[in-house]
Amino acid sequence: MASYATFTKWDAHTIADHVKADGIVLLENFFSGEKLEKLKHEFHKLYTAADTPGVRTHSKTPNMHALDIDPAKLDRNMFPALATVADDAVLKSAAEIFFGQPIIYPHKLFATWLHGTEKPV
């Protein structure tokens, strides 16, 4: 199986430290281009499929649609790339470092689709 993460300067401790300091961390080039294409395709399926097990709308406005995804209930055959995000060992380790104890990772994933405009509304 090919590696799906490009992890050069990031490690679990660095991720946890950034989240503690800033509340968020952006992992530049975390996934390869091929992995990103697979994820984009699966995210499109998530937003267009009706009644997908393990997926519910978290919030929906004219400019944003956020989904709450339960990885334990997600159909891994239908969403294999997304399932690998849920299973990522580095992200799991970072979450355990952040919380200071072993946790069930991930409890939830959130996917957000923003519909922006070029002009202020």
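1. A residue is called buried here if its relative accessible area is under 20%, exposed if over 50%, and partly exposed in between, with a 1.4 Å probe and protein chains only. By that criterion, the buried residues of helix H1 are Ala12, Ile15 and Ala16, where helices (H or I, at least four residues) and strands (E, at least two) are DSSP runs numbered from the N terminus. Seen down the axis of H1, these buried residues fall within an arc of 95 degrees, so they line one face of the helix; the arc is that of the directions from the helix axis to the C-beta atoms.

2. The model is a predicted one, in which local features need pLDDT of at least 70 and side-chain atom pairs count only at pLDDT 80 or more, while totals for chains, interfaces and linings use all residues. Residues are numbered from 1 along each chain as its sequence is written, and side-chain values use heavy atoms, with hydrogens and water left out.

3. The protein chain has 4 helices and 3 strands, arranged along the sequence as α-α-β-β-α-α-β. Of its 121 residues, 29% count as buried.

4. On the other side of H1, His13, Ala21 and Asp22 are exposed, whereas the buried residues of H1 pack against H4. At the start of H1, a side-chain oxygen of Asp11 comes to within 3.1 Å of the backbone nitrogen of His13, and after the helix comes Gly23, which has a positive phi, near 80 degrees.

5. Phe98 lies in helix H4 and, at 31% relative accessibility, counts as partly exposed. Leaving aside its neighbours within four places in sequence, Phe98 is in contact (heavy atoms within 4.5 Å) with Ala16, Val19 and Lys20. Phe98 and His13 are 85 residues apart in sequence, yet their C-alpha atoms are 8.3 Å apart in space.

6. Apart from neighbours within four places in sequence, Leu82 is in contact with Leu39, Glu42, Phe43, Leu46, Ile69, Leu74 and Leu109.

Notes. A polar contact is a pair of N or O atoms within 3.5 Å; within protein, one must be able to donate a hydrogen and the other to accept it, and residues adjacent in sequence count only if both atoms are side-chain atoms.
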